[in-house]
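Q: I'd like to learn how to read packing and pairing in a model like this one. Can we go through it feature by feature?

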Amino acid sequence: MSVGGDGGDRRLVIVSNRVALPDEHGSVPPGGMAIALNAALKQRGGLWMGWSGKVKAEKKQVSPTMQEANGITYALADLSEKDLDEYYYGFANRVLWPVFHCRVDLAEYNDARKSGYYRVNRLFAESLMPLHREDDVIWVQDYHLIPLGKELRERGCRNRIGFFLHIPWPPADILATVPLCEELLEALSFYDLVGFQTDDDLNNFAECLSRRNLGRLMKDGSCLVKGRQFRCGVFPIGIDTAKFESLAKLATRDGDLQEVYKKTAGCDVAIGVDRLDYSKGIDQRIVAFRHFLDRNSHRVRKTLLLQITPKSRGEIPAYLALQKHIAELVGSVNGELGTIDWVPVHYTNRSHGPLELAGLYRMARVGLVTPLRDGMNLVAKEYVAAQDPSNPGVLVLSQFAGAAGQLEGAVLVNPYDPEAVAASTEKAFRMSPEERKDRWSAMKNSLKGHDVYRWCSGFLAKLEAADLPV
């Protein structure tokens, strides 16, 4: 499947915080973005640069480690402990992440974190300059690297450079709480194309420019900021729909999953799969499931919630507090409602492979995807792709997930209203086979028409058509 643009002969350079290195068997790590970007790089030939995951001595400046695999060159840069603390755990994930997810109360800004954020972006720019060619197309990924385009331009890079934001862009009043919000807005003007997940994100960005008197978004998607013209667009990311569908079929014959199916026989299963993060609404979901059982006594001992929540960012206090809170909440619900032979909430913090996840999605009658705010949410799309066409489950989806604009067959909910989520969960379990099939078919068609390869090719085609910087 082609994932290149009109100028597919140009080499592609990807820059991201982390690099999706293939394993010893050549397999790409799970995740739609990793699969699509690897496919694009393999087709066109290219370079993927990012943090190696290794920590170097504080004053030791080394060139990126180069590695070849499957026709792709990987440039792996080490970071110091100070870099990691100030750039990644600091500004990226204690300022930008909470603010962009409208959790201003959790943002912890200071000058050291700002300094570290820009220092690592300069490091990436300095590392990339000797590696890129003059006709390369450069594609920068996500909030960690907003200033990278400007850093490259200041070093003389005249290539086409695109940027894609995987998380939401916040409303103007929310972004204004970041002391350097104007610097971030101006930094994006050094790219040729800036991509967002949804129309709301693009509109929020336009409002930020307007409110700060920095520029204006035109109807054709062009912007002008301080004499620099660039384009903006909406490119909702998808999944590898066909591959995930195949995995789900294969999973039905997996021996370990067959044992899981046997153990849950006689129970209707709702499933939630989220990285441990305050934006995912996990605690609100558990409270809503408790309301669901309280108001539907016939569901007690016949229904369970399987909540899979791998831990993340344990170095950040807010995440440690959330981990403790959710564990206590699960314990409270299970202690009050559970019986010797039935536990209402099955909660696990370990990661599961794609095959296992696909099989668990297919088993679940209801997919509970209820983030408080999400750029897209690919779990929602994976759940739909994994369903049995003859007996599909029902997706209960937060109205604040980017996927809500594409998956019109989902039952949309407000995750801040536990009673409404409880009522929608019961509606999903009671839904007729005909309605389930109709809703699922509409969503499946959307997935096929907007898969991860279309996301990749659509962005690159638009970037290829962009005017070169002057």
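This is a predicted model: local features need pLDDT of at least 70, side-chain atom pairs count only at pLDDT 80 or more; totals for chains, interfaces and linings use all residues.

Q: Does serine 424 count as buried or exposed?

A: The cut-off for buried is under 20% relative accessible area. Serine 424 has 13% relative accessibility, so it counts as buried.

Q: Which residues does serine 424 touch, leaving out those up to four places away in sequence?

A: Three valines: Val396, Val411 and Val413.

Q: How do I describe two helices that pack together?

A: Two packed helices are described by the angle between their axes and the distance between the axes. Take α10 (residues 282–295) with α14: their axes cross at roughly 60 degrees and come within 8 Å. The crossing of α10 and α14 is right-handed.

Q: Which residues make the contact between α10 and α14?

A: From α10 you have Val287, Ala288, His291, Phe292 and Arg295. On the α14 side, they meet Pro418, Glu419, Val421, Ala422, Ala423, Thr425, Glu426 and Phe429. By type, the residues of this contact split into eight nonpolar, two polar and three charged.

Q: What about α8 and α13: at what angle do they pack?

A: Helix α8 (residues 241–251) packs on helix α13 (residues 378–386) at about 55 degrees, with the axes 8 Å apart. α8 and α13 are therefore oblique to each other. Their crossing is right-handed. In the contact, Thr241, Phe244, Glu245 and Ala248 of α8 meet Glu382, Ala385 and Ala386 of α13. That gives four nonpolar residues, one polar and two charged.

Q: Now the sheet: how many strands does it have, and in what order?

A: Read the order across the sheet: it's an open one of nine strands, β3-β4-β2-β1-β5-β6-β7-β9-β8, with mixed pairing. β3 (65–69) and β8 (222–225) are at the edges with a single partner strand each, so one side of each has no neighbour in the sheet. On average, neighbouring strands are turned by 25 degrees against each other, ignoring direction.

Q: In which sense do β5 and β6 pair, parallel or antiparallel?

A: Strand β5 (residues 137–141) pairs with strand β6 (residues 160–164) in the parallel sense, over five bridges. As an example, valine 140 has phenylalanine 163 in β6 as its bridge partner.

Q: Which strands does helix α3 lie across?

A: Helix α3 (residues 111–128) lies across β1 (12–18), β2 (46–56), β4 (72–80) and β5. Relative to β2, α3 runs at about 130 degrees.

Note on methods: Residues are numbered from 1 along each chain as its sequence is written. Side-chain values use heavy atoms; hydrogens and water are left out. Axes are lines fitted to C-alpha atoms, for helices over the stretch in contact, and angles run from 0 to 180 degrees between N-to-C directions. Helices (H or I, at least four residues) and strands (E, at least two) are DSSP runs, numbered from the N terminus. Angles under 35 degrees count as roughly parallel, over 145 as roughly antiparallel, 65 to 115 as roughly perpendicular and the rest as oblique. A crossing is left-handed if the near helix is turned anticlockwise from the far one by less than a right angle, and right-handed if clockwise. Contact means heavy atoms within 4.5 Å. Ala, Val, Leu, Ile, Met, Phe, Trp, Tyr, Cys and Pro count as nonpolar, Asp, Glu, Lys and Arg as charged, and the others, Gly among them, as polar. Buried means under 20% relative accessible area, exposed over 50%, partly exposed in between (1.4 Å probe, protein chains only). Two strands pair if DSSP finds at least two bridges between them.
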